[in-house]
Amino acid sequence: MANKHQYFNSKMFTRDEDTGYYLCSSKSPDGSRKRMHVYVWEYYNGAVPAGYHVHHKDEDKSNNDISNLELRVGAEHLSFHAKENAERNHDKVIRNLMENAMPKAKEWHESDEGRDWHKKHYEKTKDNLYQKRKFKCLMCGEEFESTQANTKFCSNNCKSKYRRMEGTDNVEAECVVCGKKFVKNKYSKKETCSRECRTKLLIYRRNKIHW
């Protein structure tokens with residue numbers, strides 16, 4: 001267990017039970033208590049530049065040796081710890097979301113206040129929602145208009161053709177006649193790898209021959 005107190009440059013720092021950081025026992029002129037890792041870094045390097053934070057390399061808040069401290073861009077540092085906290089407390093975050101946030105959000109959206117907000121928001125944005133924009137079809141190259149944002153195709157035919165060309169829906173199958181592996185569209189009813197095997201399959205089924 002980490003010590004309650006640490007000392008540096010004749011100053012005592014006390015561990016804050018809520019954050020785990022060590023705070024200087026003597027207050028700064030503005031009434032705040034400087035964190036030990038910041039104090040140590042500034043002792044060796046001068047004031048922390050604006051927009052930067054001092055970070056524990058090994059993430060151990062009790063290890064305030066200068067060799068364990070480094071500068072990080074403030075926004076990146078906050079994002080790093082937020083992501084780390086979310087991963088560490090994933091189950092707790094999900095449980096809180098399911099038990100508290102989502103029910104309260106649903107309750108608000110169904111309330112008179114929520115419905116009124118949605119109505120006003122819709123009136124402000126409806127013109128943009130149904131505004132037609134020009135696009136160029138990714139398949140045929142023809143220009144077309146649509147109210148859908150970032151649409152790529154002028155029709156379902158072009159969309160399907162593009163997916164077939166790119167092999168988006170391709171899967172590996174096994175020929176029911178010769179057992180050879182072949183590639184087909186997952187929505188296709190194709191059962192054979194070649195015309196020759198397809199002919200054999202038709203003959204087999206016509207004559208009720210089992211292979």
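In this predicted model, the side chains of E110 and K106 meet in a salt bridge, with N and O 2.8 Å apart. E110 has a relative accessibility of 42%, so it counts as partly exposed, a class that lies between the buried limit of under 20% and the exposed limit of over 50%.

A further salt bridge links K120 to D116, where the closest N and O atoms are 3.2 Å apart. Both residues belong to helix α4 (residues 112-129) and are four residues apart, about one turn of the helix. D116 is partly exposed because its relative accessibility is 37%. K181 pairs with E174, and here the closest N and O atoms are 3.3 Å apart. E174, at a relative accessible area of 45%, is partly exposed.

The nonpolar residues come next. In soluble globular proteins, nonpolar side chains tend to be buried together. The largest nonpolar core has 11 residues, among them F8, F13, V54 and L69. Two elements, β3 (22-24) and α1 (36-45), each give two or more residues to this core, and α1 gives the most, with five. A second, separate core has six residues, including C175, V177, F182 and C197.

Helix α6 covers residues 195-206. After α6 comes K208, with a positive phi near 55 degrees.

Conventions. Residues are numbered from 1 along each chain as its sequence is written. This is a predicted model: local features need pLDDT of at least 70, side-chain atom pairs count only at pLDDT 80 or more; totals for chains, interfaces and linings use all residues. Side-chain values use heavy atoms; hydrogens and water are left out. A nonpolar core is a set of buried Ala, Val, Leu, Ile, Met, Phe, Trp, Tyr and Cys residues joined through side-chain atoms within 4.5 Å. Buried means under 20% relative accessible area, exposed over 50%, partly exposed in between (1.4 Å probe, protein chains only). The expected span of a helix is 1.5 Å times one less than its number of residues. A salt bridge is a side-chain nitrogen of Lys or Arg within 4 Å of a carboxyl oxygen of Asp or Glu.
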